[in-house]
Amino acid sequence: MPPPTPQQIKAAFAKAGALHAKGRLAEARRLYADLTRAAPRAPEPHYHLARIALAERDLDAAAKHLKTAARLKPGEPALLALQAQIEEAAGRPEAALKTYDRLIAARPKAPKPRADKALLLQQMGDFDAAETEFMTAIRHNPAQGELYRMVGATRKLAPGDPLIAEMEQVYARDDLTEGARCQLAFALAKAMEDTKRHDRVFGYLDTANALQRRAFPFDFDERAVEIDLLHAAMDDLSKVPAAAEDFRPVFVIGLPRSGTTLVEQIVAAHSTVEAGGELGLALDEFYRRFQAGRAFTPVSKAHPRTHLDFAAAYEARVRAEVRFDARVTDKSIQTFQLVGYLARVLPGARFVAVRRDPRDVALSIYKNHFQGGTHRYSNDLRDIARYMRLYGRILEAWKARLPGVIHEVGYEDLVSDPEPQARALVAAAGLDWEPGCLDFHKAAGSVKTLSLHQVRQPIYKSSAEAWRRYEAELAPFLEEWERTA
């Protein structure tokens, strides 16, 4: 067979890229692998194979393909950036920092390498070093709205802080992209709150959320139908076999901004537990096995091996993501949809659900920028109310079907009287009490969450009833919440 022509190679690469973009990783992987043989001196197929391996948490394969790509194209910035991501995923933050420094040295004015390094420093708890990197990036790139939002996330601004005036000046520019204006509006909303100019907070928030909504439209009814179909697929759980009990994850369930990070960190401060954070793996594995178009295959119709494969794949992916011995936490936001299935197939699992005043949750969701395309309901106050009702309905259904399986924690109770609530929480996770569970803020390690600054602080009460200051602005949420009560 004659070797492929350059046109055929180009077409195959375009097809692989399209499949990759759609998340069809297995098909894309096969085409990229074919391209490594058809074009053995091209670094691009190896680069994308490394990206796929990283997405699937096969870090050995990712490193292998990256090494080949780097040999074919030494010093390529995209390869260095991917190397840093792989080092972070492998739990080697110091190595990742050195790789970011190589990128910065090669491109000192580029915003992304410094921002990525700064974000890693924030996750490691070195907020001063992170701010230095952010401010350097801002000096080189004053119209990058995301930089202002990220530096402000862990810095409480004081009245007269020159950063505020700088943000306002940039915000007034006519040449800002909608994305940059959206990010700046979130940053300025926080700045107004930090400096107690509360009458100006929602002016920026409404703009930020409207721009985010325009970039990422959302149809609540369509999403609700999908969640209901998924829930209905978990029809007869008695048909689901149980895997071994020696894998004992602790699932922390709750709406965004409801206190799940605080609860996870209390549990993870135990000497036998590691924090997994928002892994997002269980729902991904469920979709892989049970979704067919818009419908889902009922779990009762699946072969028993399918369920055991699910358990094995989920555990393998968690272990690839997090190094732990006895227990690991998983506070993936969407896990509430799968409680019954997970309880059945993973009999060693424990479940903790966090409750918080819905008005404070709604305010916090609306104030926070979520990565584009995630939590799309968060950009409209009425949709926030509707989604929260949907979450509550699914959770109540699981509580009715599985009495005693879900331990509930009230956020307000936890912050007002921490020790007895923390003791009950730790016991519900199947653990003996350790006083260090209340000293979670002293723990070292990387934290990947919107609450990464709060995780480094002791428990505090200041966020309780914050909604009252913005009661008038929250009227759309409050009306919808009452209407659907």
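In which loop is the place of His375? His375 has its place in the loop between H18 and H19.

## Basis of the description

The model is predicted, so that local features need pLDDT of at least 70 and side-chain atom pairs count only at pLDDT 80 or more, while totals for chains, interfaces and linings use all residues. Residues are numbered from 1 along each chain as its sequence is written, and side-chain values use heavy atoms, with hydrogens and water left out.

Helices (H or I, at least four residues) and strands (E, at least two) are DSSP runs, numbered from the N terminus.

Phi of His375 is near 50 degrees, a positive value in a residue other than glycine. His375 counts as buried, at 17% relative accessibility; buried means under 20% relative accessible area, exposed over 50%, and partly exposed in between, for a 1.4 Å probe and protein chains only.

His369 lies in the loop between H18 and H19 as well. Its relative accessibility is 13%, and His369 therefore counts as buried. The C-alpha atoms of His369 and Met150 are separated by 10.0 Å, although these residues are 219 residues apart along the chain.

## Helix H23 and its buried side

Helix H23 comprises residues 475–483, of which Phe477, Leu478, Glu480 and Trp481 are buried. They lie on the same side of H23 because they cover an arc of only 165 degrees around the axis; the arc is that of the directions from the helix axis to the C-beta atoms.

The buried residues of H23 pack against helix H18 (358–367) and helix H19 (381–401), contact meaning heavy atoms within 4.5 Å. Exposed residues Glu482 and Arg483 are carried on the face of H23 turned away from its buried side.

Helix H2 (residues 25–38) packs with H3 at an angle of about 150 degrees, and their axes are 9 Å apart. Axes are lines fitted to C-alpha atoms, for helices over the stretch in contact, and angles run from 0 to 180 degrees between N-to-C directions. H2 and H3 are therefore roughly antiparallel to each other; angles under 35 degrees count as roughly parallel, over 145 as roughly antiparallel, 65 to 115 as roughly perpendicular and the rest as oblique. The crossing of H2 with H3 is left-handed, a term used if the near helix is turned anticlockwise from the far one by less than a right angle, with right-handed used if clockwise. Among the residues that make the contact are Leu25, Ala28 and Tyr32 of H2 and Pro45, Leu49 and Ile52 of H3. The contact of H2 with H3 divides into nine nonpolar, three polar and one charged residues; Ala, Val, Leu, Ile, Met, Phe, Trp, Tyr, Cys and Pro count as nonpolar, Asp, Glu, Lys and Arg as charged, and the others, Gly among them, as polar.

Helix H3 (residues 44–55) also packs with helix H5 (residues 77–89), at an angle of about 20 degrees and with axes 11 Å apart. H3 and H5 are therefore roughly parallel to each other, and their crossing is left-handed. Tyr47, Ala50, Arg51 and Leu54 of H3 meet Ala78, Leu79, Leu82, Gln85, Ile86 and Ala89 of H5 in this contact. Eight nonpolar, one polar and one charged residues make up the contact of H3 with H5.

The axes of H11 and H12 cross at roughly 155 degrees and come within 8 Å. The contact includes Cys182, Phe186 and Met192 of H11 together with Tyr204, Leu205 and Leu211 of H12. Its residues divide into 11 nonpolar, two polar and four charged.

Lys196 has its place in the loop between helix H11 (178–194) and helix H12 (201–215). Phi of Lys196 is near 65 degrees, a positive value in a residue other than glycine. Lys196 is exposed, with a relative accessible area of 64%.

## Val354 in strand E6

Val354 lies in strand E6 (residues 350–355) and counts as buried at 5% relative accessibility. Not counting residues up to four places away in sequence, Val354 touches several residues, including Val252, Ile253, Tyr391 and Tyr411.
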